[in-house]
Amino acid sequence: MSQAGRDGGPVVSRRSWVEQVMGLPVSVLARGASAGSAAADAAVRAVYAELREVDRVFSPYRDDSEVSRLGRGELGWADATPLVREVAGRCLRAAELTGGLFDATRPDGNWDPSGLVKGWATERAARLLTAVGELDWCLNAGGDVVVNCPSGEPFVVGIQDPLDPAAVKTSVAVSAGAVATSGTTARGAHLYDPRTGRAVTGRRLSITVVGPSLELADVLATAAFVSGDDWTDFLDRIAAYEGLCIAPDGTWRTTAGWPR
């Protein structure tokens, strides 16, 4: 809670939460006059509840999810919930924007929107935190981060070293916007090039994208990862988004506008 400092001024409150959702750690870091309030706590609980509901509907690892039922043919698109149809539309638009470098259809023909859902769902749930006044917050879903700081004082977001997952390779200061990373550190070679249907290996270890929207940053990080050596040219065509690539030898390269 806020309290008086030595000079009589307020001490900025800080509070954090972390829970396992969607098979990954989801944390919220809050600071400001409202950080210790019941309103902040209720908003965070609502964030976790919404993310659990998204997981229930979209997880390809749950037999009872709509995504799994669609894949088995037990559910037709006409009977899918409006939320699932909305995400399907977003996946199509992402494919168009990236020239097919992002595709929610796996090589086996099954629809799997996981590459979009995490960023979309995290950004969507974050609106609940925005409703709390006098609150800076950072919502981190397994390394995909969305930040909003009405105070103007940024959070420093660390970017994991793919050669040493316990270490931070570099960092970026964000006061409003998103940071998303795609790579092979956590799940191995799980990203496929839609143009060939083959897993992408060897070219790079991770690509991190910063920009206004977490949904789009997440999509662009995936697309850039599979794009090839011209990944910087690909990202340069998307206004307001910048990228950083970490190579297998540990060196990194960025787009020209990457924040220093």
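Predicted model: local features only at pLDDT ≥ 70, side-chain atom pairs only at ≥ 80, totals over all residues.
Turning to the overall fold, the secondary structure comprises six helices and 14 strands. Along the principal axes, the C-alpha atoms occupy a box of roughly 65 × 45 × 30 Å. The radius of gyration is 19 Å, which agrees with the value near 18 Å that a compact globule of 260 residues would have. Buried residues make up 47% of the 260. Of the contacts between residues at least 6 apart in sequence, 56% join residues at least 24 apart.

The cysteines come next. The count of disulfides is zero. Cys138 is in no disulfide, and the nearest cysteine sulfur, belonging to Cys149, is 7.8 Å away; a disulfide would need the two sulfur atoms within 2.5 Å. Cys138 has a relative accessible area of 12%, so this residue is buried. Cys91 also counts as buried, because its relative accessible area is 5%, and the cut-off for burial is under 20%.

With a relative accessibility of 12%, Ser68 is buried. Which residues does Ser68 contact, leaving aside its neighbours within four places in sequence? The partners are Ser59, Pro60, Arg62 and Asp63. As for Val226, 158 residues away along the chain, its C-alpha atom is separated from that of Ser68 by 25 Å.

Backbone geometry draws attention to two loop residues. Met22 is a residue other than glycine with a positive phi, near 60°. Its place is the loop that links β3 (14–21) to β4 (24–31). Glu134, likewise not a glycine, has a positive phi near 55°. This glutamate sits in the loop between α4 (114–130) and β5 (136–141). Is Glu134 buried or exposed? Its relative accessibility is 62%, so Glu134 counts as exposed, the threshold for that class being over 50%.

Technical notes:
Residues numbered from 1 in each chain as written. Heavy atoms only, no water. Helix = DSSP H or I, 4+ residues; strand = E, 2+ residues; numbered from the N terminus. Rg over C-alpha atoms; globule rule 2.2 N^0.38 Å. Buried < 20%, exposed > 50% of the residue type's maximum accessible area, 1.4 Å probe, protein only. Contact = heavy atoms within 4.5 Å.
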